[in-house]
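Subject: Structure for you to look at

Hello,

I am passing on the structure we spoke about. The sequence and the coordinates come first, and my notes on what was found follow.

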Amino acid sequence: MRVQALHAGSACKSWALICDDAREAVVVDVVLNRAPAVAAAMAQLGLRVTRAIDTHTHADHVSGGTWLRKNLGCGYSMHQATGVVTVSDRLKDGDGVLVGRSRLSVMHLPGHTKDSLGLWGGGVFLTGDFLFLGEGGAGRTDLLGGDPGEHWDSLQRLKDLQDDLVVLPGHDYRGAERGRLGDERRTNPRLTPRSRTEYVAWLSSLKLEPADWMLDVLKANARGATDETGLAIPMGGACCEVGGGAPSGGGSIPSVKPATLAARLSAPPGSGFHVLDVREPMEFVGPLGHVPGATNLSVQELPQRWQELGGLRSLDLYVICLSGARSARAVAMLLEKGFSKIWNVEGGTRAWAMANLPREYGEATTSSLPKDGQP
Ligand SMILES: [Fe+2]
């Protein structure tokens with residue numbers, strides 16, 4: 001059996017497991033909008049796709065599994081805990097998946113989702129979002145059915161696996177493709193030795209919160225969607241991963257009530273503060289509006305773009321999202337980066353709107369982030 005990366009160069013990983021002797025392939029985590037190309041590529045290689053597998057119900061893209069089943073007549077397999085209604089068969093821990101003459105074992109690895117599975121055998125370990133590479137950590141644990149404690153339990157199963165296993169993850173946002181399990185044991189922050197209680201407390205302190213569009217994508221995948229009608233999936237952003245960052249100060253996040261920020265807004269311009277809205281751009285320009293004068297930079301993009309906020313260090317920085325959860329995570333991240341005059345706006349834009357405080361709509365009125373010292 002050999003492994004071929006599909007969707008080359010994408011942060012969203014997909015794999016073909018190929019048996020050249022049997023001229024058969026099993027494809028894993030194929031994205032809907034690339035499914036026709038994958039089908040064509042397999043046909044060109046003279047390979048029959050026997051099944052498509054999703055390692056879990058995806059929240060960041062529509063799966064190509066249902067499309068492949070309908071168009072190629074192949075199987076569509078997921079873990080038996082899945083809510084996806086279009087699967088042809090449901091796998092359980094210990095089941096075998098045949099790729100021609102090779103066999104991979106199914107491992108049930110809940111935590112990111114209830115239906116997360118890994119495929120292990122032939123020197124490779126397809127981890128889905130159960131485990132990413134290096135600083136990427138692993139998948140988030142706040143989606144429907146996600147559970148930090150169950151994720152810790154699943155991680156314990158790695159103890160039985162060899163260091164030289166090749167890890168093939170469901171995502172990598174740093175340009176990597178595959179790694180060795182032994183390297184992950186040294187570098188992946190999720191594998192830092194910690195008790196179950198410590199692990200759960202750490203992930204809980206991050207106050208994760210999925211964006212609304214992710215919940216919509218989960219529902220589309222559960223019904224076996226074969227188009228993206230009604231979905232607004234943003235480009236870019238490491239939306240699936242939670243790496244190693246933890247809030248400083250033992251998880252206590254400085255925060256203010258919306259009224260406190262509103263009082264600052266009524267002060268004359270140049271009063272030494274700035275508002276950062278860390279929702280998705282489409283939420284920022286959406287019907288709820290945003291705090292007047294706010295700058296938008298989504299929490300997903302912060303790890304890559306926080307240096308652009310350098311000009312705000314000398315100002316009082318108020319961070320807001322929809323409900324206060326994502327902004328708490330952003331504040332934690334920026335505290336780690338040395339921002340000191342920073343507060344989370346409690347209750348977020350929802351509370352702001354409920355209090356009937358002023359909002360503006362559409363694009364940001366400031367086209368770029370302020371330079372040093374300029375509000
Ligand atoms: Fe995922």
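Two strands are taken to pair if DSSP finds at least two bridges between them. Please keep in mind throughout that this is a predicted model.

By that rule, strand S15 (residues 255-256) pairs with strand S19 (residues 342-345) in the parallel sense, over 2 bridges. Val256 is the residue that stands opposite Val345 in S19. S19 is also joined to strand S18 (residues 316-320), again in parallel, by 3 bridges. There, Tyr318 stands opposite Trp343 of S19.

Elsewhere there is an open sheet of 6 strands with mixed pairing, in the order S7-S8-S9-S10-S12-S13. Its edges are strand S7 (96-99) and strand S13 (179-180), each of which pairs on one side only. Within this sheet, strand S8 (residues 102-108) and strand S9 (residues 117-121) run antiparallel and share 4 bridges. Ser105 has Trp120 in S9 as its bridge partner.

On the domains: the chain is divided into domain 1 (2-214) and domain 2 (249-354). Their C-alpha centres are 34 Å apart. Domain 1 brings 8 residues to the contact and domain 2 brings 10 residues.

How much area do domain 1 and domain 2 bury between them? The figure is about 860 Å², with 54% of it on carbon and sulfur atoms. On the domain 1 side, Lys207, Glu209 and Trp213 account for 54% of the area buried against domain 2, more than any other three residues. Sorted by class, the side of domain 1 that touches domain 2 consists of 4 nonpolar and 4 charged residues, with no polar ones.

Despite those charged residues, the count of salt bridges between domain 1 and domain 2 is 0.

Over the whole structure, the search finds 20 salt bridges. One of them joins the side chains of Asp20 and Arg2, with an N to O distance of 2.6 Å. The two residues are 18 apart and sit in distant parts of the chain: Arg2 is in strand S1 (residues 2-6), while Asp20 is in the loop between strand S2 (14-19) and strand S3 (24-28).

Regards

Note on methods:
Residues are numbered from 1 along each chain as its sequence is written. This is a predicted model: local features need pLDDT of at least 70, side-chain atom pairs count only at pLDDT 80 or more; totals for chains, interfaces and linings use all residues. Side-chain values use heavy atoms; hydrogens and water are left out. Domain bounds come from an automatic or database domain assignment. Contact means heavy atoms within 4.5 Å. Buried area is the accessible area (1.4 Å probe) that two parts lose on being put together, summed over both. A salt bridge is a side-chain nitrogen of Lys or Arg within 4 Å of a carboxyl oxygen of Asp or Glu. Ala, Val, Leu, Ile, Met, Phe, Trp, Tyr, Cys and Pro count as nonpolar, Asp, Glu, Lys and Arg as charged, and the others, Gly among them, as polar.
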